[in-house]
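This briefing covers a ligand site, a sheet, a helix and some backbone details. Please look at the model before reading on.

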Amino acid sequence: MAMMIDTLHRVFTLQTKHSTYQMKADELGVLLHTYYGEKTDHSDKGLLCYRSDRGFSGNPFELGTSDRTYSLDSLPQEYSGFGTGDYRITALRVRNQDGSQAVDLRYTGHRVEKGKYGIPGLPAVYAEETEAETLVLCLRDACSGLEVELYYGILEELDTITRAVKITNRGNKAVFLEKAASMNLDWEYGDFQWISFYGRHSMEMHVQKTDVHHGIQSVGSVRGISSHQYNPLLLLCERGANETMGSCYGFSFVYSGEFLMELEKDQLDRTRLLCGIHPDNFSWTLEEGETLWLPEVIMTYSDRGLGKLSGNFHRVIREHICRGKWRDKRRPILINNWEATYFDFTGERLITIAREAKKLGIELFVMDDGWFGKRQDDNSGLGDWVPNEQKLDCTLQELAGRIVAEGMEFGIWLEPESISVDSDLYRSHPEWAVEIPGRRPCLSRNQLVLDFSRRDVQAYIIETITELLQGIPVTYVKWDFNRAICDKFSGLLDSGRQGEFSHRYVLGLYSVLETLIENFPEILFEGCCGGGGRFDAGILYYMPQIWCSDTTDAIERLGIQYGASFGYPVSAMGSHVSTVPNHQTGRITPLSTRGCVAMAGTFGYELDIEQMTPEEKEEVRKQIAIFQTYAPLIQKGVYYRLSSPLEGTCTVWEIADPDGREALVSAVYHHAEANPVPVRARVQGLRDELYYRLRLHEDFAEKYPERTLPYGFGPDETISGAALRQYGFVVPDAADGFQAWQISVEVCGEG
Ligand code: GLA
């Protein structure tokens, strides 16, 4: 049973396979948060909440002089309100008609719904009725009539609880929301470590682990996109937790716009975490009867370390966020012409790349930026989605047709949210660009942003893109967006509603994407925002994969993909083999290493195939064969981080099949050392009682015959899953700089 409701004591207990979550509406109707953590029974943990008289922490008026130990400032709350006695960071801040900012929410009722709730216009976890249950708790501010409904979706099997909030103005005067978090989570103690993900363009998702300190700490974005700088993913764990041990919590915001994840450890060491839309660019008017849904947060808990926590996220995102035909289907091995040609190509050149790629086993050709309007560089043309027939030497239909005739699928790059000042679209509709009247807008990559909060713009983009895609045999679209948003203003919003712009933009984007994926259910959409500027669970609801980073350097990618793996599955990570010296870093790495790293993602190529030697082409053929063999395992297997790119010499990861009969271990030396310390891989996810054979992947074995695996362990010998887990095997040393090894672990008997 995923839910236990004690109506007499108003205690609500949510159960997943390994975790328990509990709330209680107390004697004043305040909804207390009483427990989240390791699985336990449904006894009332509210009885254990500690109350004491604390100076300067006030008491609700209705208690009279009888009790100074009850304070909103110190009790763990389920959804806190600003201005009525809780001085910590609070989930909800409003401005009432009289200008006051107070809100005081009390429990009014609850209901249980079958299956998992959905959210109109916003991405959300979905599930079969048998896989999930929904609890709704209703709160109300008696003075203003503001109603807050807290939604909980329980996915028992996946140790996941989702949260969303629906706010309705049931009063008779407008209420202005100034901050409205999607989630508030309080702990009565606070000895946590916080893991967040920071970065920049071309260097996303770097892991930062710090102790939680007294005061407030946060990550967020006010850039209109979830951003390269901080990802909307946060983990909290007990001190000392590691990949396989310790209690940890994970929070993933299912939203692609501005967000704030903030945490306060207070005077009593109590800890509060909030997650929601960033309040700096947010205000929302709720007239009488109006409703606003806030985006969803996925919460998951693991009592067995970070590996299990990530595994929960991987499954939720892969199976309950990603949708459509491509959710479970093997993604095509693609070649993208960007790093091969940049803007400098002709139709003939593209066809040659496609033809050569086909010979090596590549399946899809993607035509990147520069095929439309007057786009010879990144200064012009965005918005004019009209093929440049002079540059292509033919019509787009003919070009796509010829590529398909070569036996390749055809894919195309688009950046529909952007507009160049030098474009016909801007000349005819300057009012569609995001600008503040009377001010000069900030340019970025010399471009502006189309106002996706406007319905006319949404309709225009849907029509233009639909027409374009309908006319060509296209099976893949790369949906890019290459700037952050500022100068926020929409010509169609009243001055009092300009604070709604950022959220309305995201809602507009989601609505356009929803229509396009409905119109083109066969097309594989890949998200991109200068790489990982909008790498979040929200985008993955519409597009099952996202280009991880504009860095294609294999060694840099180790850190980026390692970071991303904490919250996102391999099937979501766009990753390609590119040339050397690498265009972003100048680093030279072996082709096998680049292949190995790209296989920890959706796998493809992005290089000038005509420049490759026959030996390199042969190696690509073999790489593709390896990928084909392991593609189902890579896409759907259980992913384990065995060592980190931030430490030691070698990054090791593993993907095992859920039955524990097979695994692929990948190891890349990111740092060279003389007389190196052996790198030991403790293989996870195998069955202790079964016996396995280890095999260095043929290609590697051929190339480095002197390397045996592991030392003193012949190719015909077998070893138990228990030994591989407990003792591990030693990864062969590096023979070359940045050497990679792929090692397969295959079951071969019961011992
Ligand atoms: C962004 C993308 C790249 C490429 C260029 C084209 O930077 O991340 O992969 O598509 O735009 O302009």
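A polar contact is a pair of N or O atoms within 3.5 Å; within protein, one atom must be able to donate a hydrogen and the other to accept it, and residues adjacent in sequence count only if both atoms are side-chain atoms. An oxygen atom of the ligand is 2.4 Å from an N or O atom in the side chain of D550. The model is predicted: local features need pLDDT of at least 70, side-chain atom pairs count only at pLDDT 80 or more, and totals for chains, interfaces and linings use all residues. Residues are numbered from 1 along each chain as its sequence is written, and side-chain values use heavy atoms, with hydrogens and water left out.

**Ligand site**

- There are 13 residues around the ligand, and D368, D369, R445, K478 and D550 come nearest; a residue is near a molecule or strand if one of its heavy atoms lies within 4 Å of it.
- A polar atom in the side chain of D368 lies 2.6 Å from an oxygen atom of the ligand.
- For W547, a side-chain N or O atom is 3.4 Å from an oxygen atom of the ligand.

**Nine-stranded sheet**

- An open sheet with parallel pairing is formed by 9 strands in the order β28-β27-β26-β25-β22-β21-β20-β30-β29.
- The edges are β28 (573-574) and β29 (576-578), each with a single partner strand, so one side of each has no neighbour in the sheet.
- Helices (H or I, at least four residues) and strands (E, at least two) are DSSP runs numbered from the N terminus, and two strands pair if DSSP finds at least two bridges between them.
- β26 pairs with β27 (residues 545-547) in the parallel sense over 2 bridges, and E526 stands opposite Q545 in β27.

**R534**

- R534 is placed in the loop between β26 (524-527) and α9 (537-540).
- Is R534 buried or exposed? R534 counts as buried, because its relative accessibility is 4%; buried means under 20% relative accessible area, exposed over 50%, and partly exposed in between (1.4 Å probe, protein chains only).
- The side chains of R534 and E417 are joined by a polar contact of 2.7 Å.
- Neighbours within four places in sequence aside, the contacts of R534 include I225, S226, S256, W479, F481 and I546; contact means heavy atoms within 4.5 Å.

**Strand β15**

- In β15 (residues 248-253), 6 of the 6 residues are buried, so the strand is largely enclosed by the rest of the structure.
- In a regular strand the side chains alternate between the two faces of the sheet.
- Both faces of β15 are covered, with C248, G250 and S252 buried on one side and Y249, F251 and F253 buried on the other.
- β14 (residues 233-238) pairs with β15 in the antiparallel sense over 5 bridges; the bridge partner of L236 is Y249.
- β15 also pairs with β19 (residues 291-302), antiparallel over 6 bridges, where G250 stands opposite T300.

**Helix α12**

- α12 (residues 614-636) has 23 residues and spans 33 Å from its first C-alpha to its last, close to the 33 Å expected at 1.5 Å a residue; the expected span is 1.5 Å times one less than the number of residues.
- At Y630 the helix α12 bends by about 60 degrees, and the proline P632 follows within four residues; the bend is the angle between axes fitted to the seven residues ending there and the seven starting there.
- Buried residues of α12 include K617, E619, F627 and Y630.

**Backbone geometry**

- Most residues other than glycine have a negative phi, and most peptide bonds are trans.
- The peptide bond from V580 to P581 is cis, with omega near -10 degrees; P581 is in the loop between β29 and α11 (591-598).
- F56 is not a glycine, yet has a positive phi of about 70 degrees; F56 sits in the loop between β4 (31-38) and β5 (92-95) and is exposed, with a relative accessible area of 85%.
- D269, also not a glycine, has a positive phi of about 65 degrees; D269 lies in the loop between β16 (259-265) and β17 (271-277) and is partly exposed at 33%.

**L286**

- L286 lies in β18 (residues 284-286) and counts as buried at 0% relative accessibility.
- From C-alpha to C-alpha, L286 and Q742 are 57 Å apart in space, and they are 456 residues apart in sequence.
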